[in-house]
Amino acid sequence: MAKPAAAEKPKTPQDVLKMCKDNNVVCVDFKFMDLPGQWQHFTVPVDQLEESSFEEGFGFDGSSIRGWREINESDMLVLPDPQTAFIDPFTKHCTLSLVCNILDPITKERYSRDPRSVAINAENYLKSTGIGDTAYFGPELEFFIFDNVRFDTNAHEGYYHIDSDEGIWNSGRPWDKEPNLGYRPRYKEGYFPVPPIDSLQDLRSEMMLTLMQCGIQAEAQHHEVATAGQAEIDMRFGPLVQMGDQALLFKYIVKNTAKKYGKTVTFMPKPLYGDNGSGMHVHVSIWKGGKNLFAGKEYAGLSETALYFIGGLLKHAPAVLAFTSPTTNSYKRLVPGYEAPVNLAYSQRNRSAAIRIPMYSPSEKAKRIEFRPPDPSCNFYYAFSAILMAGLDGIQNKIQPGQPLDKNIYDLPPEEAKKVPQVPGSLEGALAALEADHDFLLKGDVFTKDVIEAYIEYKRTREVDAIRLRPHPHEFMMYYEI
């Protein structure tokens, strides 16, 4: 199969209508995001899409969308963005897909709880400050490809069961219907063995090629550290809103490609106990007039602007993590002592530091920072916007990041290690930090108090309390006989 070039993106409504005609499209699918971060959609016949649709939008009932307002304000409009159009590779009937903004049908203003609107606000705010004109983001999404998953929880039981033929626990599987060939990556040894130990090469390649077919510039695919099918496919960096769109499309393509082959993908940060979890290291730089503002002659080739950005991000990191590591499961990955990026410090080499400065290339264009605590369970629009707003606050207030952490954290004396601050130990801790520290997010009306309050309430009641109130299976292991 020839390697396809990334599909050319349409620019205008006229381009989209031509795309429909050229590809014999019969359906148009509108995608938008709920508050927790999942794509939602509905579909119309192609003859409903006109040039005026990109100004007038399409009405729908938003009363059942998670995290949105109650039934008395349920009428909404989706306004499609022509630059997000792609031909869906998974539908039976030729379908054009469009990512949409959500508008109030009366005022025609963007709906404040639409996460994509927050990301648009963040890009506009950056320009309004005069600091830069473009914030580039490059997220590295890790995920697991499993063969089977079962889970349930109710009043009298709670369990999960995951299986993967590639999982090292299957090394002793009896020879029943199929022979047990024994080629499997051991725990923490999945980085980068060739086939047959890496059994998912062809599947990951198909995922990568499908991403390219849909307009995403893929750079590499490989097996990740954990056993049982942990994977990573890297995308080329892009502007904030575009990268939020692409990260959602990434998830859509990866999951549906796996489903074609009877496999299932999860972006849960920590589905396996005792092996590496799935993170989403986020590379960030700010540019102005085609110049990378993060390149300079300070530590690790950074500019003073970049160091201030780091200072702001470290200062606000506990609050930012409420968006970038937004699940109770996220904090099963962010555990001290397991080489997780939990230390609120920066370094050019130390991967246990929350912020790393990649040193792969001396080029000014390649200079960036890498924020390592995030994971791919996040709402990408909120996460990228929060990172940007924290860094901009650092630049505006000239927040010094302190000294870099270039020592091995595990070799530090206990009294010195205690001085290194760490990320919150739970989602509840991150939400408390966000509740106490969110003024930096309100600048330029990027986030609103309503959005932050709704987000905190949703996470506390639907997620933190949902876990806190239920017995855990391992509690029976520890306490049943007492």
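A salt bridge, as the term is used here, is a side-chain nitrogen of Lys or Arg within 4 Å of a carboxyl oxygen of Asp or Glu. The model is predicted, so local features need pLDDT of at least 70 and side-chain atom pairs count only at pLDDT 80 or more, while totals for chains, interfaces and linings use all residues. Residues are numbered from 1 along each chain as its sequence is written, and side-chain values use heavy atoms, with hydrogens and water left out.

**View 1. Aspartate 450 and arginine 113 meet in a salt bridge.**
Side chains of opposite charge can pair when their charged atoms come close. Here the N to O distance is 2.8 Å. The pair links distant parts of the chain, 337 residues apart: aspartate 450 sits in helix H12 (residues 449-468), and arginine 113 in the loop between strand E6 (95-103) and H3. Helices (H or I, at least four residues) and strands (E, at least two) are DSSP runs, numbered from the N terminus. Aspartate 450 is partly exposed because its relative accessible area is 24%, whereas arginine 113 counts as buried at 12%. For these words, buried means under 20% relative accessible area, exposed over 50%, and partly exposed in between (1.4 Å probe, protein chains only). By the salt-bridge rule, the count comes to 20.

**View 2. Glutamate 370 and arginine 356 form a salt bridge.**
Their side chains meet at 2.7 Å, N to O. Glutamate 370 belongs to strand E18 (residues 369-371) and arginine 356 to strand E17 (residues 353-356), 14 residues apart. Glutamate 370 is buried, with a relative accessible area of 2%, and arginine 356 is buried too, at 5%.

**View 3. Helix H12 holds both aspartate 465 and arginine 468.**
The two residues lie three apart, about one turn of the helix, and their side chains meet in a salt bridge of 2.9 Å, N to O. Aspartate 465 is partly exposed at 24%, while arginine 468 is exposed at 56%. In another group, salt bridges that share partners join Asp81, Arg116 and Asp245 into one network.

**View 4. The second largest pocket has a volume of about 600 Å³.**
On a 1 Å grid over the protein atoms alone, a pocket is an open set of points where a 1.4 Å probe fits, with protein on both sides within 12 Å along at least five of seven lines; lining residues have an atom within 4 Å of a point. This pocket is lined by 27 residues, and Gln83, Val241, Gln242, Asp245 and Gln246 lie nearest its centre. Helix H3 (115-129), strand E12 (238-239) and helix H5 (240-260) are the elements that give two or more residues to the lining. The largest share, six residues, comes from H5.

**View 5. Glycine 167 lies in the loop between strand E9 (158-163) and helix H4 (201-213).**
Glycine 167 counts as buried because its relative accessibility is 0%.

**View 6. Isoleucine 482 is found in the segment after helix H13 (473-479).**
At 81% relative accessibility, isoleucine 482 counts as exposed.

Terms used
Points joined across faces, edges and corners; volume = space filled by probe spheres on them.
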